[in-house]
Amino acid sequence: LAMTNTWFISNSAPSKAGGAMVNLTATVQGGGFVANRAWGLAGGLEALGWLAVTDTVFLSNSAGLGGGLYQASGQGRVVNSLFAGNSARLGGAAVASLGPLTLLFNTITSGTLGAGSAIVLGDDMAGVTDTIIAGYAMGISQSAGSAYQDDNLFAGVPDDERELILGGNMVRVYNLQGVLD
């Protein structure tokens, strides 16, 4: 499945995949997922297989786990995308993944201090690189195995709630006056 400049706006589902669910192999280029809701998994997009996402917007989606994106299985890569104002009651407000997922050159932000973690990773081959994470109680959490992070910027992520992934370089910004207003 290939989606180019496709938008999923204001959809809802009682259990999972508020915006869309993709199986096997999927490529998402441009477009976005806006104001979608699911009580269980994946407010915006649920992937059940190989996934490539580039230049895509995930805005104001909500779910139990994986507010913007939930990758249930398969390998994935998300590049140069925006996750803003997403929420998840159980964690992974922007992204939750059980498979090997690479997040590269993304911006992940909450307009206010978002509860829980911005990203939940659950695979040894998962990682976050060159990504901005702002305004969450926790930046990255690891639910199983070990993962990597490198060259990320954490802004407004409280000092006493450190991400649970070690390694790599990171920069913390503590004075956010005007940034999250």
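I take a residue as buried at under 20% relative accessible area, as exposed at over 50%, and as partly exposed in between, with a 1.4 Å probe and protein chains only. Strands are DSSP runs of E with at least two residues, numbered from the N terminus.

The model is predicted, so I note that local features need pLDDT of at least 70 and side-chain atom pairs count only at pLDDT 80 or more, while totals for chains, interfaces and linings use all residues. Residues are numbered from 1 along each chain as its sequence is written, and side-chain values use heavy atoms, without hydrogens and water.

Entry 1, strand 18. I looked up residues 132-142 and found 9 of the 11 buried. Strand 18 pairs with strand 20 (residues 152-155) in the parallel sense over 3 bridges; pairing requires at least two bridges found by DSSP. Ala134 stands opposite Ala155 in strand 20.

A nonpolar core is a set of buried Ala, Val, Leu, Ile, Met, Phe, Trp, Tyr and Cys residues joined through side-chain atoms within 4.5 Å. The largest one has 32 residues, and Leu45, Leu51, Ile119 and Ile133 have the most contacts inside it. Strand 18 is among the strands that each supply at least two residues of this core.

I located Asn61 in the loop between strand 8 (57-59) and strand 9 (62-63). Asn61 counts as buried because its relative accessibility is 0%. For polar contacts I looked for N or O atoms within 3.5 Å, one able to donate a hydrogen and the other to accept it; residues adjacent in sequence count only if both atoms are side-chain atoms. A polar side-chain atom of Asn61 lies 2.9 Å from the backbone oxygen of Phe33, and the side chain of Asn61 also reaches the backbone nitrogen of Asn36 at 2.9 Å.

Definitions and conventions. Helices (H or I, at least four residues) and strands (E, at least two) are DSSP runs, numbered from the N terminus.
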